[in-house]
Amino acid sequence: MEYYAVRGGHPLEGAVAVHGAKNSALPILAAALLAEGESVIHNCPDLTDTAGALEILTSLGCRVTREGRTVRVDTTCRQGWAVPDRLMGQMRASVLFLGSLLARSGRAEACWPGGCALGSRPIDLHIRAFQALGAQVLDREGRLFCRADRLRGRHLALPFPSVGATENTMLAACGAEGVTILDNAAREPEITDLQGFLRSMGAEVSGAGTSQIRIRGGLPLHPGSYTVMADRIVTATYLCAVAAAGGEGELLGADGTMLAPVVDTLRLAGCQVEQRPDRLWICRKDPLQPVGTVITGPYPAFPTDAQPLLAAVLAAGQGESRIVETIFDQRFRYTQELKKMGAAISVEGSAARITGRPLRGAQVEAADLRGGAALVIAALAAAGDSRIHGLEHLDRGYESLDQDLAALGAGIQRTTR
Ligand code: EPZ
């Protein structure tokens, strides 16, 4: 069984390139189904989640090739409309294929996506959007059957700015005749990336990054070509690693403007952070300071995916801070593992109270992607040796977290027992 062996307690120094964004690449890979022919996606990260998306495309008859970080998807021989159960169970983002399958073939079938370590993960907002565009959606013995003889553009609003429901509506609307206007859309940068790829296919999409997105559907689309943005949450991970361990780091290709609340909070904690032309620079020499209360929320608020990362930084600092999680109902489970390193964290409902103190190395287990990253960050700050198990969760979202952190000067190695 593999684990990360970490020797913590010393400052970092180094530079690392930030790979492409998982949560951009996944909807873009689903969007490739919208046109016949070969689409090219550059800077597509090589992760278990993107490998899962490529497996779904292959199961639908597409020819998929990867050369480094360039992926080619040829949909010429596409067939069928069912997302394989194994992949739907493994990766919730598989739900994004429903929108593009509906748009392209008028049919989509899948088992219900499972919950995960973050809590229940319903898809009611996705289904309501499909129905608003004219699709019938049936639940037969726990399977989802979507069918649309004709999708029609509509003016609709999401009750909550769900990232996935926004993306699925954009994908389905590309196959709906007429104009779709989506109000209360999610504003995450990954949605702007999806809009960029759809435009490269000839789609008429505008408004991504704002709360109102407009799609003119029913147009003939051709294969697209696009370069995926740098991963915001991987960037936040490396910022928090340097913040927690101390020292100095350069994140090549990183764009801090998409992480303003994270950057502002780390500055409040005592870090210097500067955006340079092609990199983000961070330095922390003085002791970490408490930051008051941080509340997660839909973009542009503090991102829920960076919540565990910040908690690890604050746990290794000093003074009392609070984090309120408003997006997921079970996103503090990792704190039980942080306590094994001596972290002083008390969770009540949706709020975690963190009192910074020196941490010590321990054996800990990751249970989800970003909670696992938080354990690695804490281990870098902790005095002594740690072992982090559950690397299958980390491999979903980091190409090579150990190698990247080692490039920043961390004492970390992937080890097999
Ligand atoms: C996306 O998940 C991301 N995943 C998540 O990253 C991220 O944490 C989340 O957005 C919030 O930023 C991908 O992009 C692949 P939501 P998504 O729909 O789309 C509720 C990772 O591993 N909800 O914005 O599933 C939902 O339960 C993941 O990279 C409904 O109630 O997030 C949650 O409480 C972790 N009904 C809230 O909305 C629905 O139909 C936000 O969910 C859909 C969502």
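How many bridges join strand β16 to β17, and in which sense do the two strands run? In this predicted model, strand β16 (residues 272-276) is joined to β17 by five bridges, and the two strands run antiparallel.

- Strand β17 itself, which spans residues 279-284, is mostly covered, since five of its six residues are buried according to the 20% limit on relative accessible area.

- The hairpin formed by β12 and β13 has six residues between the strands, and G207, which lies in the turn, has a positive phi of about 95 degrees.

**The open sheet β6-β8-β7**

- Three strands, in the order β6-β8-β7, make up an open sheet whose pairing is antiparallel; its edge strands are β6 (107-111) and β7 (136-140), each of which pairs on one side only, and the twist from one strand to the next averages 15 degrees.
- Between β6 and strand β8 (residues 143-147) the antiparallel pairing extends over five bridges, and the bridge partner of A108 in β8 is C146.
- Helix α4 (residues 96-105) packs on this sheet, where it touches β6 and β8, and the direction of α4 makes about 150 degrees with that of β6.
- R140 lies over the face of F145, at 4.7 Å from the ring centre.

**The open sheet β18-β19-β21-β20**

- Four strands, in the order β18-β19-β21-β20, form an open sheet with mixed pairing; β18 (293-295) and β20 (344-348) are the edge strands, each pairing on one side only, and neighbouring strands are turned against each other by 15 degrees on average, direction ignored.
- Strand β19 (residues 319-324) and strand β21 (residues 351-356) pair in the antiparallel sense over six bridges, with R322 standing opposite R353 in β21.
- Helix α10 (residues 307-315) packs on the sheet and touches β18, β19, β20 and β21, while the direction of α10 makes about 30 degrees with that of β21.
- In the loop between β18 and α10 lies P300, which is joined to Y299 by a cis peptide bond with an omega of about 10 degrees.

**Helix α12**

- Helix α12 (residues 369-381) has 13 residues and reaches 19 Å from its first C-alpha to its last, which is close to the 18 Å expected at 1.5 Å a residue.
- Twelve of the 13 residues of α12 are buried, so this helix is largely enclosed by the rest of the structure; among the buried residues are L369, R370, L375, V376, I377 and L380.

**The aromatic pair**

- The structure holds one aromatic pair: the ring centres of F332 and Y334 are 6.5 Å apart and their planes stand at 45 degrees, so the pair is tilted.
- F332 and Y334 are both buried.

**Asparagines with positive phi**

- N43, although not a glycine, has a positive phi of about 60 degrees; its place is in the loop between β3 (38-42) and α2 (48-59), and N43 counts as partly exposed because its relative accessibility is 22%.
- N184, again not a glycine, has a positive phi of about 55 degrees and lies in the loop between β11 and α7 (189-200); with a relative accessibility of 31%, N184 counts as partly exposed.

How values were computed:
Residues are numbered from 1 along each chain as its sequence is written. This is a predicted model: local features need pLDDT of at least 70, side-chain atom pairs count only at pLDDT 80 or more; totals for chains, interfaces and linings use all residues. Side-chain values use heavy atoms; hydrogens and water are left out. Two strands pair if DSSP finds at least two bridges between them. Axes are lines fitted to C-alpha atoms, for helices over the stretch in contact, and angles run from 0 to 180 degrees between N-to-C directions. Contact means heavy atoms within 4.5 Å. Rings of Phe, Tyr and Trp (its six-membered ring) pair if their centres lie within 6.5 Å; planes under 30 degrees apart count as stacked, over 60 as edge-to-face and the rest as tilted. Buried means under 20% relative accessible area, exposed over 50%, partly exposed in between (1.4 Å probe, protein chains only). A charge sits over a ring if NZ of Lys or CZ of Arg is within 6 Å of the ring centre and within 35 degrees of the ring normal. The expected span of a helix is 1.5 Å times one less than its number of residues.
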